[in-house]
Amino acid sequence: MRKPDLTALVTRFEEFLGCPPEPAGAAPYARVTGADGRETPAYDLVRVLRGWGMPESALSLEPSATPVRLGDAPGGR
Amino acid sequence: MPKSDLTELAVRLEEFLGCPHDAAGRMAYTRIMELDERESYPYEFVQMLRGWGVPEYALPGEQGGRAGDVEAEFNLVRLVARRDPATATALIITNLAFMPVWIAGTDEQKRRIVEAVKHGHRLSWGLSERAYGSDLLANAMTATKVDGGYLLTGEKWLIGNATWSDGMVVFARTSERGGTGGFSIFVLDKRTAPVGSVQELPGERLHGLRAMDISGLKVEGVFVPEEARLGLEGQGLETALKATQTARAQISSIALSAVDTGLRLTLDFTEGRIILGQAVSDIPYSRRQLTEVFADLLVADAVSLGAVRGLQVTPQQVSVSSSVVKYFVPTLLERTMSQLAVVLGARFFLRAHPHYGVFQKMLRDLLVANFADGNTVVNLRNLGHQLQPLLATAQSADDKLRAEAVENAAVLYGIERSMPPYEPWRQELFSRGRDDTVLAAPDGIARLRALAEEAKEDDQRDWLVRAADTAEELIGAAAPLAGRCEKLRAELGRAYGQSAELFDLAKEYCLVHAAAACVLTFVHSHEALEEPLPNAAVLLLQLERLRRHLRPHEAVTDQAVVDEVMRVLRHFHHEERLFSHWQFPLAERVLDQDAVRS
């Protein structure tokens, strides 16, 4: 991926997640520290990231796997 | 207090508290960890230790306490903190809050407050404020003069024991203009203040010392009588700074104890764990890590020895020694503890492990020593402001001055030598270029060379010569440091005092001071130390550890030195001794071997 594309992708991701000190954001510190304090896995945050398509960026593009490009992730558009 | 008496006192406390791994002991890790997890104040431990009399060793004997030498309290606190730094902190805060009383109070004030403390009265030290942190001259709490006393208004925040205490010693503005003569210190008795006039702020949730009460106090026009003021009006800043010097010299006890426990736990693991047919302790890389940690602890122990004894021996110089120890020891030991965590491996991350779970608590608790009572920046700034005269004196001192420094150093670093009484009001805020540790260093190196000539064994002689050479190199760095300091001042002019480069020079000065402290402890406590100390290999590794701050990838030791230090370290571990020049015997260990192996 070229640098401008990667920068655009990262910018979209940052905008999606929002500012972490802002409680209304998609992944606010309040939820992160709450999960840490309760010692519970942050399932809801993982779901948010999956919904955006983040894990797909790590999937193989080998023929046996479903070819996925980062920009194709539904939440990433 | 003679070494034998201090050892006996330490043994009594250790026997009273028992092995912390023993769930049936008086101060067991199981209960300590439970309180930490629940963030519950360790009332039961604090009360028990008060009952035993630990705090009385920090209250003046003349007014009813038991304090003689400061190092008695310092070392008792180490024994508490090796079990639980939170309890140790909770316990000593009353004593630290008492320091302004000791420094500036009248005989009557001291007697009254000592009597109250002995009967259970608890004090906190209200120095910092939310908006101003360490900037005392900006403090906003005011004490307005009225008939017969003052009205206190304002807030103190991030104060240890603020909620739990019965009274707070507060630093307040008595002149609107502020300035060095614009502040005074008062004892605010929370229990006699009108209901609702003193508001305790919510306790802060903490990363380390989770069981501690760190909160604050808000007051609005609370009356304190004239006789509650300590010293003259306007004398508060000087008194507060002197009280802080004492706290800075003593807080390294928390860091030393956290790493002491960390090393003991790690050795439990490395001595028993077999990998590829050998104990982890015997794998060369792990062995080096363990011995380096031990050497760091003894470096920190030597620097603390000089700083704590300096409160009595050279009170005019504590502005240097207290800032060196307060910057250097926590900073060094944070790195040491991280190095240790790598050796222990994944177990350091496990909070509920039946044996190693306490490691992660020590790792968190240790951090308080870095920022409490003046953080790293404050202490480096204080050293930076004194650096030029210190380095100038180190180069130009005449024979008379050197002789005085040598005489003082023999008491500062001679653990068997008796000291003058503790008179904290004799402490000064600037040392006028004197740091007897550095001034006496050349004499210390000469004594080291003399010991090398007398050494009967070839390896000890060789290690002593190499230690003397390494010390000479480290302490010799003071001369070019003086030149760099001059050059920086010429280049930066008025910006010199606040420059980042000056802070770096101050850090290098701390290395010179620390190297001198190691050598002076070796030569002046030589006769008083118990087998297997003094040991030339240990000293050489201590100096190498300091040298690595300047030359990170160069060694002056070899495998034979590391093996010898490991022999010494194993002795300390097997014989259950504090990892210190004092070598206090600890409570007999009661270990669940299944837990150790799990």
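1. The second largest pocket of this predicted model holds about 630 Å³ of space, where a pocket is, on a 1 Å grid over the protein atoms alone, an open set of points that fit a 1.4 Å probe with protein on both sides within 12 Å along at least five of seven lines, and a volume is the space filled by probe spheres set on the points, joined across faces, edges and corners. Of its 17 lining residues (an atom within 4 Å of a point), A:Asp36, B:His207, B:Arg210, B:Arg351 and B:Arg364 are closest to the centre.

2. Helix H2 (29–38) of chain A and H11 of chain B each give two or more residues to this lining, helices being DSSP runs of H or I with at least four residues. Domain 2 (123–232) and domain 3 (243–574) of chain B, with bounds from an automatic or database assignment, each supply at least three residues.

3. By class, the lining of the second largest pocket comprises eight charged (Asp, Glu, Lys, Arg), five nonpolar (Ala, Val, Leu, Ile, Met, Phe, Trp, Tyr, Cys, Pro) and four polar residues (the others, Gly among them).

4. The largest pocket, with a volume of about 1,500 Å³, is lined by 50 residues, and B:Ser134, B:Thr244, B:Arg248, B:Asp373 and B:Gly374 lie nearest its centre. H7(B) gives the largest share of that lining, six residues, and the lining divides into 26 nonpolar, 15 polar and nine charged residues.

5. Residues are numbered from 1 along each chain as its sequence is written, and chains are lettered from A in the order in which they are written. Totals for linings use all residues, whereas local features need pLDDT of at least 70 and side-chain atom pairs pLDDT 80 or more, and side-chain values use heavy atoms, without hydrogens and water.
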